[in-house]
Amino acid sequence: MHWDARSAPFTMRHALSIVISGLCGGGIIGCDPPITEPPSQATNGEIILLSHNTTSVLLEQEPNDDLATALNLPDYDVEIVTILGVIQAGGAPPDSDVIRLFPENFRLMSENSSIAAIVLQGSSPDDPSPDFNLQFLSSDGSLLDEFSSTNGRIEASAIPSEPSSIPDSSYIAITSTQAFAYKLTIDFTQTTSTQSASTASKSITSSPASTRVIVPANVTELLAIFRTGTSQATRIAIADQCNLDVLDASPSGVCRLRIRDRAATAAEKTAILQSLTTHPTVRFAEPNGFSRLQKIPSDPLFPDQWNLDAINAPDAWDITTGSENIVVAIIDSGVRFDHPDLNPRLIDGYDFVSNADVSLDGDGRDPDATDPGDRPTNPERSTFHGTRIAGIIAAESDNNLGVAGITWSTKLLPVRAFGRSGVATDFDLSEAIRYAAGLPNVSEIVPTNPANVINLSLARSPGSPIPQCVEDAIRDAYNAGVTMVAAAGNNATSDMVFPAAFEEVISVGAINRSGDLASYSNFGPWIDLVAPGGEAGEDSGPADAGDDTGGDAGTVESNDDETDTQPTAILSTAASSDGETIDPIYDDLEGTSLACAHASATAALLLAIDPNLTPSDIRTILTETATDLGNVGEDDRFGAGRLNASAAVQRARIQSTAPTTPPSLLLSATALTFDNQQNRLIFDILNTGGDVLNIASIRRDDYGDLTDITIETTGGNANTNIARVAITLDRSPLAINAQSTRLIIEPTNAAPDYIDIHATSTPPTTSDESVTILALDPQTSRILTQSTTTLAARTFTFTEPPDRPFILIAGTDRDGDGQICEPGDMCGMINQADAPRIVSPANLASQQLIIILQGPL
């Protein structure tokens, strides 16, 4: 179905509800109510040119109802073919659209381990998830395979088992007994074999994603780190090239991208990653993988906190019990604010679980870091992991209630990144780290009091690829002066586990009550030290008598009533759920998660004595004062030895008179570029040293000829994120193709630095080739209004905008037959995610009308 640019209105058997997949509850027909009052002003829009010969966008061409009239796919080397069409079902037999596959298409599927991913998306005016089928037919029309729709979508693969079996031709038939619009995408992307990188030491050197990452089949999202200055429109266009949707964009440059074909194999998803990685504006690309909270076994409960004596905490309290000015962030499953032994220590945090389906609290990201439980189908097994970690670090102490924390005054900043089943995506985790450290993040806010210490009682699977976005967040937090402590993991392996194995992170293994390495604890040269993690079932001798009542917070359920052994797990604050209510309790558990919390709390005690200690200082103190275990000196099982809180705080007190480190200026970018879509850019000023960095001025240097810029700053002096700087460009005087200048940032107490600013007015093409833009009624396909522009102009105007909802379609007519969007033409539509969107005429002036025009220039 090609639109005739010379006639309006026009009729066709198929209505334009075409190019859509699940918006407004599954279909876009009727998303916006009719508007009776026409707009009073002209409507303007932009065109983005995406020139690539490896992708073809075709409009359905009538007739194409059987094998004889089938729409022919291009038989040249293309990577992705997208067909937009609609079926106006007329009853039995089912109506159909047929597409012919040529031998060359099958060659692309078969050679070099290439795979064809076929995705069919549909929507109906009356049914958000219409029923339709996708059939593979032989050249004589016999059925080879058939797939049925689920929630308005079909995902399938068609590939001959052997090249010798490539047919002369075969067909794809789309059938339905009801009217529906569809978008059919066939991806011939070639895959490559890749290997995961192994690492021999804790010092990590990043390598390109193409040589170290295979995308697991269960991963549905990728992360792309775009180069500085890449506009959002360009990101969307690049993602669309790779059959991806942009879901999130962080100020750090990381974009979260959804793989459209979620059922694709690992090889197919790796091929998409490869394609994304090779784009020149993409600095790095990787899977949005997962980290898991360390497993908490459901072992018997014990009231004794033997772990505090094991690290000499009572002796440490003689020197300090902590400071309210020190903040420990717990990046975890959230915390129960209603626990009476935690509430006085907690400050407001943030929930970074972006997927509402796994957040279990009814929405995605929000300012509420409360843990709702992580087992919705089995609520009594919810771990309330973050609540347990919080109690070890800073439960309210000396209050005749429950348990004592290692620090008695430290504030706790709960940052929720883990949802259903204790799982967090790499994107959510990296943004949670940035938030806790007070760095720019996707939430667009930072805590009033950023963390001095971040507790990471979590781990990826041993040997899994290093997520670059998490690595960048760890490094940025470290450079901002934040101490990070991570669990070594509960896999009983020496394989490196992240984030614990990062050089910037203090890694903590677990010992049991006897002082032996816990049977589950990971080990190796990358472990810094060990701390009590407990081990259920360990034979540790007769039990001590004790009071196991929980006061107002509930009862500690102890299993030692009929045993003669001492507790060997670690008691802490917890919660229990029956599916309707969640009650505060005390419970015990084991794992390197608990060991990690001991070290984080001790780091907070050190900072209470000397807040000028750097992360490196804290690592040195903790390791040099640890109690040696195993072989003499540092070894692969215990690292430097068992955490000794008393010796550590004594060392910090002795060193507390050391001079502070001077401030040091760091800019978040070395250069920024205004491309053809941008008029506003942002960078951050950071202090990677100590003391306070005082900014005297931010000024434009005499270098360069770009003078029409405005500089705005927000925030003030601090020892972490100093200020955010926004640069606004007045594009109207921009008369030459490219201009540049340099901004000088001058502190009063540190060396100055500069950032180069560039602007360009060069369009991607100077072609005066005509482009026709049609505004179409989504119900009837009739042309409501139309306009023309050129590829060089890249803007369009409707002097009489439609008075009802409309869809925009645009294309060239290179053969002059009056039909746009034929093979060889540039073609596109106004997009939202992976589908066109219906535009409401209300407030047209405030809407961004952008058409992504694809095809050869």
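Two strands count as paired here if DSSP finds at least two bridges between them, and a strand is itself a DSSP run (E, at least two residues), numbered from the N terminus. The model is predicted, so local features need pLDDT of at least 70 and side-chain atom pairs count only at pLDDT 80 or more, while totals for chains, interfaces and linings use all residues. Residues are numbered from 1 along each chain as its sequence is written, and side-chain values use heavy atoms, with hydrogens and water left out.

On to the sheet. Its 7 strands make an open sheet with parallel pairing, in the order S18-S19-S17-S21-S23-S24-S25. At the edges sit S18 and strand S25 (529-532), each pairing on one side only.

Now for S19 and its partners. Strand S17 (residues 327-332) runs parallel to S19 and is joined to it by 6 bridges. Along this pairing, Val327 partners Lys411, and Ile331 partners Val415. Strand S18 (residues 350-351) also pairs with S19 in the parallel sense, over 2 bridges; here Asp351 stands opposite Arg416.

What about burial? Buried means under 20% relative accessible area (1.4 Å probe, protein chains only), exposed over 50%, and partly exposed in between. In a regular strand, side chains alternate between the two faces of the sheet. Both faces of S19 are covered: Lys411, Leu413 and Val415 are buried on one side, and Leu412, Pro414 and Arg416 are buried on the other. With 6 of the 6 residues of S19 (residues 411-416) buried, the strand is therefore largely enclosed by the rest of the structure.

Definitions and conventions
Helices (H or I, at least four residues) and strands (E, at least two) are DSSP runs, numbered from the N terminus.
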